[in-house]
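Please open the model in a viewer and keep the selection tool at hand. The stops below proceed from one chain to the other and then to the place where they meet.

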Amino acid sequence: MASLWEYANPKKFIQTTDRLLPWLSVLAAITLVIGLIWGFFFTPDDFRQGSTVKIIYLHVPSALMAINAWLMMLVASLVWIVRRHHVSALAARAAAPVGAVMTVIALATGAIWGEPMWGTWWAWDPRLTSFLILFLFYLGYIALWAAIENDDTAADLTSVLCLVGSVFALLSRYAVNFWNQGLHQGASLSLDKEKNVADVFYHPLLFCIAGFVLLFIALVFLRTQTEIRARRMRALLARERLG
Amino acid sequence: MMPDLGKYADAVLSSYAVSIVLIIAMVAVSVLRARKVRAQLDEVEARSRRNG
């Protein structure tokens with residue numbers, strides 16, 4: 001089996017992801033469409049939340065991906081710091097806008113869901129606040145990459161920012177467990193069947209989560225390829241200017 | 001076919017609309033940029049090959 005580090009070679013990464021991308025994209029689209037159609041059209045209303053429970057199929061997967069995208073960026077940043085593989089730094093860069101969009105979806109659907117259920121669009125609740133801070137970290141991370149011309153310096157500084165932001169990524173996941181005074185409920189998914197959402201909501205939710213995960217992977221592969229090509233183009237243009 | 005969403009129809013439909021628009025926009029921007037950068041790189045590589 002090929003070593004994982006082989007994919008640190010940009011050519012090898014592009015070759016492999018080129019083969020995987022069409023399959024991943026189709027699988028992501030199918031899973032997402034099945035999950036959303038099942039959840040929207042074929043699940044009952046909740047006895048307390050009425051039809052707003054259908055928002056769960058967008059809110060939970062996007063919130064999950066908002067946090068896990070940052071954690072993926074953390075791993076990629078650590079690989080850059082330790083092993084100086086450019087592909088890992090570029091993969092972190094490629095994931096940031098996707099994670100930011102996931103955070104916006106989670107915040108927007110949460111606010112829309114919160115208004116009829118809590119009577120307010122927004123509250124300075126621990127989970128909501130840590131999610132907002134996570135979103136600001138995403139914006140800062142994207143802006144820092146854009147602001148620094150030298151790719152290696154940008155990768156170094158954004159990796160440090162990513163390490164710091166990981167505190168908020170984890171906090172947004174576990175905030176409801178640390179502080180009980182917030183409006184936000186505990187996790188919707190649990191290994192404990194008693195705490196988990198009912199099966200009728202759970203199965204389509206699993207499809208939606210799988211769809212969001214596959215969509216994220218497909219987008220990160222595509223965007224990392226783009227970042228690799230953009231980096232090569234900058235290098236060639238710099239050589240042209242010198243020559 | 002459309003389920004009866006009752007008094008929460010606005011909330012549910014707007015959640016789906018916002019999310020689907022954002023997802024489609026994100027995919028479209030990623031695909032368009034990928035194509036653009038690929039074409040630009042091909043051009044720069046061809047030029048640098050010509051110039052030796």
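Contact here means heavy atoms within 4.5 Å. This is a predicted model, in which local features need pLDDT of at least 70 and side-chain atom pairs count only at pLDDT 80 or more, while totals for chains, interfaces and linings use all residues. Residues are numbered from 1 along each chain as its sequence is written, chains are lettered from A and ligands numbered from 1 in the order in which they are written, and side-chain values use heavy atoms, with hydrogens and water left out.

**Stop 1: chain A as a whole**

Chain A contains 6 helices and 0 strands, where helices (H or I, at least four residues) and strands (E, at least two) are DSSP runs numbered from the N terminus. Read from the N terminus, the order of elements is α-α-α-α-α-α. Of the contacts in chain A with a separation of 6 or more, 75% join residues 24 or more positions apart.

Along the principal axes, the C-alpha trace of chain A spans about 70 × 35 × 30 Å.

Now switch to a surface. The accessible surface of chain A is about 11900 Å², and carbon and sulfur atoms supply 67% of that area; such areas come from the Shrake-Rupley method with a 1.4 Å probe, and for residues only the protein chains shown count as cover. Of the 243 residues in chain A, 49% are buried (under 20% relative accessible area; exposed is over 50%, partly exposed in between, with a 1.4 Å probe and protein chains only).

**Stop 2: Ala155(A)**

Select Ala155(A), which is part of helix α5 (residues 151–178) of chain A. Is Ala155(A) buried or exposed? Ala155(A) is buried, at a relative accessible area of 2%. Leaving aside residues up to four places away in sequence, Ala155(A) touches Trp80(A), Ala89(A) and Trp145(A).

**Stop 3: Arg84(A)**

Next, move to the loop between α2 (56–83) and α3 (86–118) of chain A, where Arg84(A) is found. Most residues other than glycine have a negative phi. Arg84(A), although not a glycine, has a positive phi of about 60°. Arg84(A) counts as partly exposed because its relative accessibility is 40%.

**Stop 4: chain B**

Select chain B, whose secondary structure consists of 1 helix and 0 strands. The radius of gyration of chain B is 22 Å, whereas a compact globule of 52 residues would have one near 10 Å. Its C-alpha atoms fill a box of roughly 70 × 20 × 5 Å along the principal axes. Buried residues account for 31% of the 52 in chain B.

**Stop 5: where the chains meet**

Finally, show both chains together. The contact involves 38 residues from chain A and 30 residues from chain B. About 3100 Å² is buried between the two chains, with 75% from carbon and sulfur atoms; buried area is the accessible area (1.4 Å probe) that two parts lose on being put together, summed over both. Within chain A, highlight Phe40(A), Arg229(A) and Met233(A), which lose the most area to chain B and together give 19% of what that side buries.

How values were computed
The radius of gyration is taken over C-alpha atoms; the globule rule is 2.2 Å times the number of residues to the power 0.38.
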